[in-house]
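Here's a quick briefing to read alongside the model. Take a look at the sequence and the 3D view, then work through the points below.

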Amino acid sequence: MESQQNVIYDARQLGKPRMMVLGVQHLFAMFGATVLVPLITGLDVSITLLFAGIGTLIFHFISKWNVPAFLGSSFAFLGGYASVKEIGMDQGLTETLALDYACLGVACAGLMYFIIAGLVKWFGIEKIMHYFPPVVTGPIVIAIGLVLSGSAIANCQTNWPLAILAIVTVIASSIWGKGIVKIIPILLGVIVSYAVAAFCGLVDFTALHEASWIGFPITKERTVLAVFEDGNTTLMLSTILAIMPIAFATIMEHIGDMLAISSTVGKDYLTNPGLHRTLTGDGVATALASVFGAPANTTYGENTGVLNLTKVFDPRVIRIAACLAILLAFCPKFACLIQLMPAATIGGVSLILYGMISAVGVRNLIEENVDLKSSRNVFVAALILVLAIGVKYGANDDIAMGPIHFSGLAIAAIVGILLNAVMPGKLGMKVKSFHGKEKV
């Protein structure tokens, strides 16, 4: 612990040039995954970067400026965006307006963070997590990746050589890369595949030449204000019910990230500044971003990897990266360059990312020693998986109950949580402290 404290002390003595370089490195670490979410969903890249930066600064403020975490785009809500967008467009809405409805649902999901944060503050973390054990959250995370896999394949089919090039680059960078190359494999996969596509004349850069260098990213059409002007209350309610349950999975992800950062730095951030503060910061960032048409935010494991690599734990370095993201948001030409990316490139990297999402769920089950020989656990996990995937591919993305539409993920999450709560047997999860000791 003493050596880590000395490293933190030395980091605070770094000059401005070194601090800036470290901030740029954190920007690169989060960049590939953060911009990929708006490319997949159809949301705006500039608004995404703007609220990734703003959300990170808000998170740091609420967590007393102590936690070195960056908040980037969350992949957990991709299924919700896709489901609501399809429902809205089937009802005659434009893609932009349908996505605005999805953002309303995500904003309401952000409110779940406040509720859980309040409960954690009041009752303590162990009692709340009692109802969200790995046997529930693990299969939900697995289902998120599997539900999204179809869209990745569809994008890859537009040009398999480009997609395979992106996949090979990501794998090679991750396994054999050194230094910063190893921590930005997704970004490198995008760059290499995109560059080859451009060299082969597969990208039309006409729009790039016409785009301005400076512009304001937020427009009225990209805010939830457009939803209330449209006034489809049934679709609003369907959206909220479809997306809000996904927050349970992202809250579990948040707790895992806080444990990882605590372990990396050597400080128990679940105690100080407290899990209730970090959850609140994440919730505010997510709700605010969604109101203005940006994806949900989440703490980024990529940046935790940078912390572990550099041993520089000063949160100011993260805030430099946040400010740089905000600056990039005001460059329409940069956003246009990102939006011209071939679908096959997106498909290649998203294929890996979706698989990794599912793999995280599997790892969660293994690391928490979930007993899948137990019939109750098998029933809970099995119903979550078959409901999420079955509704997606067998019931055209959602199930209508009266005027309300439920996505497969929403149904799976609700059924899993309730079934686990009412069935006899082990219910709760063991929450580990940052140094690995079980707290319950």
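Let's start with a helix pair: helix 8 (residues 160-176) and helix 10 (residues 185-199) pack at an angle of about 145°, and their axes are 8 Å apart. Keep in mind that you're looking at a predicted model. The protein chain has 21 helices and 4 strands.

**Helix 8 against helix 10**

- The crossing of helix 8 and helix 10 is right-handed.
- On the helix 8 side, the contact is made by Leu162, Leu165, Ala166, Thr169, Val170, Ser173 and Ser174.
- Helix 10 brings Pro185, Ile186, Leu188, Gly189, Val192, Ser193, Val196 and Ala197 to that contact.
- Sort the contact residues of helix 8 with helix 10 by type and you get 10 nonpolar, 5 polar and no charged.

**Helix 4 against helix 13**

- Another pair to find is helix 4 (residues 78-90) with helix 13 (residues 233-243), whose axes come within 10 Å and cross at roughly 160°.
- Angles over 145 degrees count as roughly antiparallel, and helix 4 and helix 13 are therefore roughly antiparallel to each other.
- The crossing of helix 4 and helix 13 is right-handed.
- Gly80, Val84, Ile87 and Gly88 come from helix 4, and they meet Leu235, Thr239 and Ile243 of helix 13.
- That contact of helix 4 with helix 13 splits into 4 nonpolar, 3 polar and no charged residues.

**Salt bridges**

- How many salt bridges does a search of the whole structure find? It turns up 3.
- One of them links Lys85 and Glu95, with the closest N and O atoms 3.6 Å apart.
- Lys85 sits in helix 4 and Glu95 in helix 5 (residues 95-123), so this pair ties together parts that are 10 residues apart in sequence.
- Is Lys85 buried or exposed? Lys85 is buried, because its relative accessible area is 18% and the cut-off for buried is under 20%.
- Asp314 is buried, with a relative accessible area of 2%, whereas Arg316 counts as partly exposed at 36%.
- Then there's Glu367 with Arg363, where the closest N and O atoms are 3.8 Å apart.
- Glu367 and Arg363 are 4 residues apart in helix 19 (residues 343-367), so about one helical turn separates them.
- Glu367 counts as partly exposed at 48% relative accessibility, and Arg363 counts as partly exposed at 47%.

- Buried residues make up 55% of the 440 residues in the protein chain.
- Among contacts in the protein chain with a separation of 6 or more, 82% come from residues 24 or more positions apart.
- Thr298 is found in strand 2 (residues 297-299), and it counts as buried at 3% relative accessibility.
- What is Thr298 in contact with, leaving aside its neighbours within four places in sequence? You'll find Phe70, Leu71, Gly72, Ser73, Ser74, Glu253, Asp257 and Asp282.
- Cys336 belongs to helix 18 (residues 332-339) and counts as buried at 11% relative accessibility.
- Not counting residues up to four places away in sequence, Cys336 touches Ala207, Leu208 and Ala211.
- Cys336 and Phe205 are 131 residues apart along the chain, with their C-alpha atoms separated by 9.1 Å.

- Most residues other than glycine have a negative phi, and most peptide bonds are trans.
- A cis peptide bond joins Asn272 and Pro273, with omega at about 15°.
- You'll find Pro273 in helix 15 (residues 270-291).
- Trp65 has a positive phi, near 65°.
- Look for Trp65 in the loop between helix 3 (45-62) and strand 1 (71-73), where it is partly exposed with a relative accessible area of 42%.
- Asn369 has a positive phi too, near 55°.
- The loop between helix 19 and helix 20 (375-394) holds Asn369, and this residue is exposed, with a relative accessible area of 66%.

Technical notes: Residues numbered from 1 in each chain as written. Predicted model: local features only at pLDDT ≥ 70, side-chain atom pairs only at ≥ 80, totals over all residues. Heavy atoms only, no water. Axes fitted to C-alpha atoms, helices over the stretch in contact; angles between N-to-C directions. Helix = DSSP H or I, 4+ residues; strand = E, 2+ residues; numbered from the N terminus. Parallel < 35°, antiparallel > 145°, perpendicular 65-115°, else oblique. Left-handed = near helix turned anticlockwise from the far one by under 90°. Contact = heavy atoms within 4.5 Å. Nonpolar A, V, L, I, M, F, W, Y, C, P; charged D, E, K, R; others polar. Buried < 20%, exposed > 50% of the residue type's maximum accessible area, 1.4 Å probe, protein only. Salt bridge = Lys/Arg side-chain N within 4 Å of Asp/Glu carboxyl O.
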